[in-house]
Amino acid sequence: MTNKVKFTSMDHGTKEDYDLIAIHDSENERSLAKRVIEWLKLMDGDSPYQISRLQHCLQTATRAEQDGADTETIVCALLHDIGDVISPVNHSQASAAILRPYISEKNYWIVLNHGLFQGYYWMHHYDENRNLRDQYRDHPYYQDCVDFCSEWDQKSFDPDYKEKPLDYFIPMIEEIFSRKPRSFV
Ligand SMILES: [Fe+2]
Ligand SMILES: [Fe+2]
């Protein structure tokens, strides 16, 4: 059985107790890639699109790779919608938060804002402003996020597109999540 701390409220915890938790936390962190892969598999179901949400992720990542993106960017393309599984209403923020400790500020910003930038392709059908992205026009990563959406994300709903399978990307996911995470506590 797992060793337990002695406290029942945190203010009574000792250094020994918190050392125990730190060991558990780091083991939990090391198995994150495995859980992320399982979350991706949860996206392999029925959807109102012509393909599953998992296929959309795989197509986005395949396009990124074919355009010569580096491994980190490919993994971001693969996981940009992973937040759908645990936080559908703000999926961009959830995806970005999971990836953030392991990726650059630029890739973080793109994943974080991709949902708003994707609005360019559908918001006008609801009499909403499709150009919400313009508020970031002067941001250094604005064009990168425009390109992420136009070249990879918004195109990847095609039942005839030959995306790479999930297994192909697993070593890339493992590589990115084996990096030493930056802390944002
Ligand atoms: Fe998205
Ligand atoms: Fe997407």
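Residues are numbered from 1 along each chain as its sequence is written, and chains are lettered from A and ligands numbered from 1 in the order in which they are written. In this predicted model, local features need pLDDT of at least 70, side-chain atom pairs count only at pLDDT 80 or more, and totals for chains, interfaces and linings use all residues.

**Exercise 1.** State where in the protein confidence is lowest and where it is highest.

Solution. Confidence is given as pLDDT, the predictor's value for each residue, from 0 to 100. The protein has a mean pLDDT of 97, and 100% of its residues reach 70 or more. Helices are DSSP runs of H or I with at least four residues, numbered from the N terminus. Helix H5 (residues 83–86) is lowest, with a mean of 95, and helix H4 (residues 71–79) is highest, at 99.

**Exercise 2.** Decide whether Asp127 is buried or exposed.

Solution. Asp127 lies in the loop between helix H7 (105–118) and helix H8 (142–153). A residue is buried if 20 or more other C-beta atoms, placed from the backbone, lie within 10 Å of its own, exposed if 12 or fewer, and partly exposed in between. Asp127 counts as exposed because it has 6 C-beta neighbours inside 10 Å. Its phi is near 55°, a positive value in a residue other than glycine.

**Exercise 3.** Find how many residues of H1 are buried.

Solution. Helix H1 (residues 15–30) has 16 residues. The count of buried residues among these 16 is 0, and H1 is hardly covered.

Conventions. Helix = DSSP H or I, 4+ residues; strand = E, 2+ residues; numbered from the N terminus. Expected span 1.5 Å × (residues − 1).
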